[in-house]
Amino acid sequence: MALEPEDVRRAAHLARLGLDDREAARYVDDLSRILEMVDRLQAVDTEGVAPLAHPLDATQRLRADEVTESDQRERFQRCAPAVENGLYLVPRVVE
Amino acid sequence: MHDKTLTELAAALAAGEFSSRELTESLLARIDRLDGELNSFITVTADAALEAADRADRARAAGKAGPLTGLPLALKDIFCTQGVRTSCGSRMLDNFVSPYDATVVEKLAAAGTVSLGKTNMDEFAMGSSNENSHYGPVKNPWDLAAVPGGSSGGSAAAVAAGLVPAALGTDTGGSIRQPAAFCGITGLKPTYGRVSRYGMVAYASSLDQGGPMARTAEDCALLLGAIAGHDLRDSTSVARGVPDYREELEASLSGLKIGLPREYFGDGLAPEVEAAVREAIAVYESLGASVREVSLPHTELAIPAYYVIAPAEASSNLSRYDGVRFGHRCENPTDLVDLYKRSRAEGFGEEVKRRILIGTHTLSEGFFDAYYKKAQQVRRLIRQDFLDAFEDVDVLMGPASPTPAFDLGAKKDPVSMYLQDIYTIAINLAGIPGLSVPAGFVDGRPVGLQILGPHFAESRLLNVAHRFQQATDWHRRQPAFGKENA
Amino acid sequence: MQWEAVIGLEVHVQLATQSKIFSGASTAFGAEPNTQACAVDLGLPGVLPVLNEGAVAMAVRFGLGINAEIPETSVFDRKNYFYPDLPKGYQTSQMYQPIVGPGEVEITLDDGSTKRIRVHHAHLEEDAGKSLHEDFHGMTGIDLNRAGTPLLEIVSEPDLRSAREAAAYLKAIHAIVTYLGISDGNMAEGSMRCDVNVSVRPKGQETLGTRAEIKNVNSFRFVEKAIAFEIERQVELIEDGGTVVQETRLYDPEADETRSMRTKEEANDYRYFPCPDLLPVVLDQAYVDHLRETLPELPADKRARFQDELGLSAYDASVLASSRAMAEYFETVRDVCGDAKLAANWVQVELAGRLNKEGLDIADSPVTAEQLGGLVARVKDETINGKAAKQVFAALWDGEGDSADAIIEARGLKQVTDTGAIEAMIDQVIADSPVQVAQYREAAPEKRGKMIGYFVGQVMKASRGTANPQQVNALLKDKLDNA
């Protein structure tokens with residue numbers, strides 16, 4: 001499947017990655033070659049093969065519904081770039 | 001002291017030949033002297049190490065020493081360490097001082113080990129040469145012009161250079177085994193789910209696994225015993241007892257059935273590497289093992305499948321780095337989208353961006369079935385190859401990498417770099433354990449023999465590696481770099 | 001042209017677990033910002049989710065409550081998008097294999113008839129945090145306490161045909177989740193939120209019209225009003241030659257209208273894929289059976305029992321079964337007084353009227369079910385008459401006594417049924433009202449019925465309301481007519 005510059009721009013926007021034109025052009029090139037390599041998958045007959053999401057056939061363990069965490073806001077916010085009154089600050093979100 | 005194995009150091013500490021503080025001071029001095037050139041550490045935690053060493057010495061004096069008490073080691077900078085920067089090799093987390101400890105970090109601390117610091121790595125564990133680190137490339141102690149491999153390149157180089165007797169690495173597509181091979185040490189990627197991933201910064205969650213890197217299989221056994229086990233905080237960790245991995249080390253290899261995957265000895269394998277590997281296999285035959293050829297027919301699909309699955313998971317796992325709660329945030333964002341786009345553009349390096357873009361693209365509408373679903377189907381076929389092979393043989397053997405360590409800067413094209421991992425990647429897709437042991441040299445650069453086993457066969461793999469190390473001395477060789485008078 | 005509306009609802013129910021769906025942080029409402037956001041909720045590097053059994057059990061109980069299929073395996077997926085209140089950059093949800101399969105909910109229409117609404121599926125997911133837009137130097141503040149709170153999203157088939165039906169469906173869901181105790185159902189605190197899909201088509205047409213989605217409607221009343229507005233808007237639009245655009249709209253309760261949300265840059269692409277940090281959830285039959293056995297009686301069953309066993313009308317049964325609190329209250333009143341019809345009447349008329357007037361929920365009623373039951377018992381055994389009963393109820397409401405009996409005793413409201421005592425009072429009234437007696441006796445017999453009211457009133461007044469009105473009437477008639 002060929003990759004267009006628009007595909008890279010779209011992916012960059014979905015992933016919220018700022019790219020300048022030069023970078024975008026390089027990634028079109030890189031990604032095209034990677035996808036070309038990946039496209040070898042298309043030749044395989046996988047009819048009837050169930051997708052494998054986890055290497056072990058294990059199932060989810062459930063934890064008891066108990067509160068085990070206490071307030072550690074001060075500690076967690078020490079590594080935060082911008083906080084005020086216990087809130088994380090971001091540029092105004094327009095609803 | 002720096003040339004001793006973990007096991008030897010444990011015996012020396014127990015015998016009172018030296019204290020943990022003396023050992024720690026000696027290694028810190030060595031790091032101080034040598035790591036400027038090697039660049040294997042991102043952060044050295046000297047003060048905390050000395051405190052931990054003193055605690056260990058006091059515990060020993062009080063008769064409360066365990067098998068790992070006072071032993072120094074290093075942690076790949078992907079493991080969260082409370083109060084210590086956990087950068088993951090990225091500018092994004094350059095300022096991230098973790099508020100909590102990873103489960104394995106807690107376990108190692110509880111066992112009385114002494115962490116000397118955090119080792120260099122490819123950014124977010126994405127790379128095979130350690131050239132993708134925000135903190136600069138690591139050099140291979142065997143040849144400073146060569147890469148140490150990646151992504152656990154710092155851990156491998158530090159152990160090889162005798163800066164630390166053992167280190168933790170992580171392996172998503174070969175990131176423990178390939179650098180272990182390139183640096184002439186022993187590295188084990190355990191079965192997926194054997195070691196908790198809690199607190200290990202995620203790259204590709206269904207493939208990531210932490211494991212030990214040391215000089216010998218015996219040391220890996222000691223360390224694996226300390227970090228393995230079920231963790232209630234990791235849903236994918238396996239509730240299964242942890243054996244004493246040292247118990248079976250000495251078991252006889254007589255009757256061992258070794259399979260050589262035909263696909264691991266084909267085009268692209270450097271003849272000198274093949275020769276070293278075949279020589280190692282001959283050693284096994286002399287130890288009573290039988291060898292036969294097997295086939296893993298979907299081998300060539302492993303890299304394509306991996307470069308769909310791993311980037312897809314990574315693109316999602318790395319969305320949390322948005323400049324809001326931790327990590328890099330750009331200056332003066334004009335609005336929310338600007339905050340996201342610039343923080344992430346500035347915080348992530350080129351390879352990370354490349355993989356985020358691939359993963360985002362292959363998961364997006366209209367492509368999901370052709371890429372992601374297809375790759376997961378192929379993943380099942382790849383796992384089945386191994387399950388079938390282990391019906392007939394006990395272990396599989398082959399090269400860990402098609403070539404020895406290549407030169408720094410030699411591989412500029414991402415795809416040719418990806419193809420380096422041809423022999424290691426399928427193992428992560430299948431979730432089986434794999435290990436690399438030193439098996440010779442090509443032009444002064446180490447060659448690694450890769451040994452693979454069925455799920456949860458770590459004891460067997462360590463036994464097979466250990467017996468080899470009793471019969472050979474490749475793992476005893478030391479690089480000229482760092483020798484006192486070199 | 002005759003138009004038909006086609007409506008489907010996605011109801012998000014906050015589950016009443018103690019801890020979050022994937023972490024051990026508390027879900028309690030109203031804490032200081034970010035004090036209930038633990039490492040997992042914040043999406044710190046390296047953290048991992050572990051699924052809460054309480055959330056799973058509640059989801060399954062809901063499924064059993066609507067007779068849904070409970071698949072053996074369900075799977076969590078990641079829905080990827082960036083938003084500041086979404087810490088990980090993805091919401092963990094269930095896209096392809098939800099925990100609850102197809103089921104159905106019975107709703108009661110205005111005429112007392114019922115209709116079955118199919119539920120497509122219900123799935124578990126985590127809630128996001130909150131953005132606070134008060135002024136932080138032009139910045140928005142993010143509180144992640146709510147992030148990771150378990151939600152059950154219940155997705156209906158487009159089986160609803162009017163705003164009233166949609167409101168009835170939402171009420172039915174509310175009743176089921178509160179009966180099951182899996183949610184507090186508190187809409188003001190956001191425990192139940194709903195997205196509405198509305199389209200219109202000419203009556204009789206098979207194919208569906210283009211739908212608009214109204215996001216985040218948070219009360220029964222607003223759901224009804226928003227849909228009513230939206231149906232009218234779409235019909236007018238089409239009749240004026242326009243076409244409905246598929247879009248997301250917001251309901252503004254103040255203006256009572258829906259408005260298009262300015263299209264956000266581009267269509268979203270959520271890139272769903274199975275969450276690699278969570279394994280497939282496999283429920284064994286014994287677990288599901290155990291949950292089935294411990295299911296309480298649900299609204300539809302209760303409604304049927306109220307009609308069949310207690311002999312209530314369809315309307316009464318449906319009102320009294322509409323919420324768990326109402327049903328429990330009614331059943332307690334009935335148990336205490338021993339008369340279902342009398343109990344139903346008192347709960348629906350006297351109590352509901354007063355609650356409504358004061359804007360109170362039945363859970364906050366100052367008169368307890370036991371107290372009201374005690375009062376109704378005294379009505380039933382004729383210890384007091386209706387008039388006195390109202391006085392007793394008012395006194396209970398105002399907290400002027402612990403029980404009906406105490407108030408009756410203290411105020412001497414016991415009904416006087418002693419014929420002698422009543423006759424004495426009647427004689428006195430007759431003696432005091434010679435003019436009225438003369439008029440009465442001169443009047444034609446058919447006019448006397450009305451005129452007797454004066455005497456009854458006087459006797460009741462003399463008895464301070466305690467005389468049995470029927471007895472007074474009969475005795476008066478006898479004395480006035482036959483003297």
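These legends accompany several close-up views of a predicted model.

**View 1. Where chain B meets chain A.** Here we look at the contact, to which chain B brings 57 residues and chain A brings 44 residues. On the side of chain B that touches chain A, the elements giving two or more residues are helix H9 (302-317), helix H10 (336-347), helix H11 (350-363), helix H12 (368-392) and helix H13 (414-419) of chain B. H12(B) supplies the largest share of that side, 12 residues. By residue type, the side of chain B that touches chain A splits into 31 nonpolar, 13 polar and 13 charged.

**View 2. The annotated span of chain B.** According to an unreviewed UniProt entry, residues 22-462 of chain B carry the annotation "domain: Amidase". Helix makes up 38% of residues 22-462 of chain B and strand 14%, and the end C-alpha atoms of the span are 30 Å apart.

**View 3. Inside the largest nonpolar core.** This core has 253 residues, and the members that touch the most others are C:Ala59, C:Ala166, C:Tyr169 and C:Val196. The element giving the most to it is helix H3 (residues 163-180) of chain C, with 12 residues. Zoom in on C:Ala166 and, setting aside neighbours within four places in sequence, you will find it in contact with C:Ile7, C:Leu9, C:Leu160, C:Val196, C:Val223, C:Glu224 and C:Ile227. Another core, of 36 residues, lies apart from the largest one; among its members are C:Phe306, C:Leu320, C:Leu355 and C:Leu396. As background, nonpolar side chains in soluble globular proteins tend to be buried together.

**View 4. Strand E9 of chain C and its partner from chain A.** Strand E9 (residues 139-143) of chain C is largely enclosed by the rest of the structure, because five of its five residues are buried. C:Met139, C:Gly141 and C:Asp143 point one way from E9(C), while C:Thr140 and C:Ile142 point the other way. The pairing here joins two chains: strand E3 (residues 87-91) of chain A runs antiparallel to E9(C), with four bridges. To find your place along the pair, look for A:Leu89, which stands opposite C:Gly141.

**View 5. A hairpin in chain C.** Strand E13 (residues 247-252) and strand E14 (residues 257-260) of chain C pair in the antiparallel sense through four bridges. C:Arg249 stands opposite C:Ser260 of E14(C). Four residues lie between E13(C) and E14(C) in this hairpin, and in the turn C:Asp256 has a positive phi of about 50°.

Key: Residues are numbered from 1 along each chain as its sequence is written. Chains are lettered from A and ligands numbered from 1 in the order in which they are written. This is a predicted model: local features need pLDDT of at least 70, side-chain atom pairs count only at pLDDT 80 or more; totals for chains, interfaces and linings use all residues. Two residues are in contact if their C-beta atoms, placed from the backbone, lie within 7 Å. Ala, Val, Leu, Ile, Met, Phe, Trp, Tyr, Cys and Pro count as nonpolar, Asp, Glu, Lys and Arg as charged, and the others, Gly among them, as polar. UniProt positions are given in the numbering used here, feature names are shortened, and annotations may be inferred rather than shown by experiment. A nonpolar core is a set of buried Ala, Val, Leu, Ile, Met, Phe, Trp, Tyr and Cys residues joined through C-beta atoms within 7 Å. A residue is buried if 20 or more other C-beta atoms lie within 10 Å of its own, exposed if 12 or fewer, and partly exposed in between; C-beta atoms are placed from the backbone. Two strands pair if DSSP finds at least two bridges between them.
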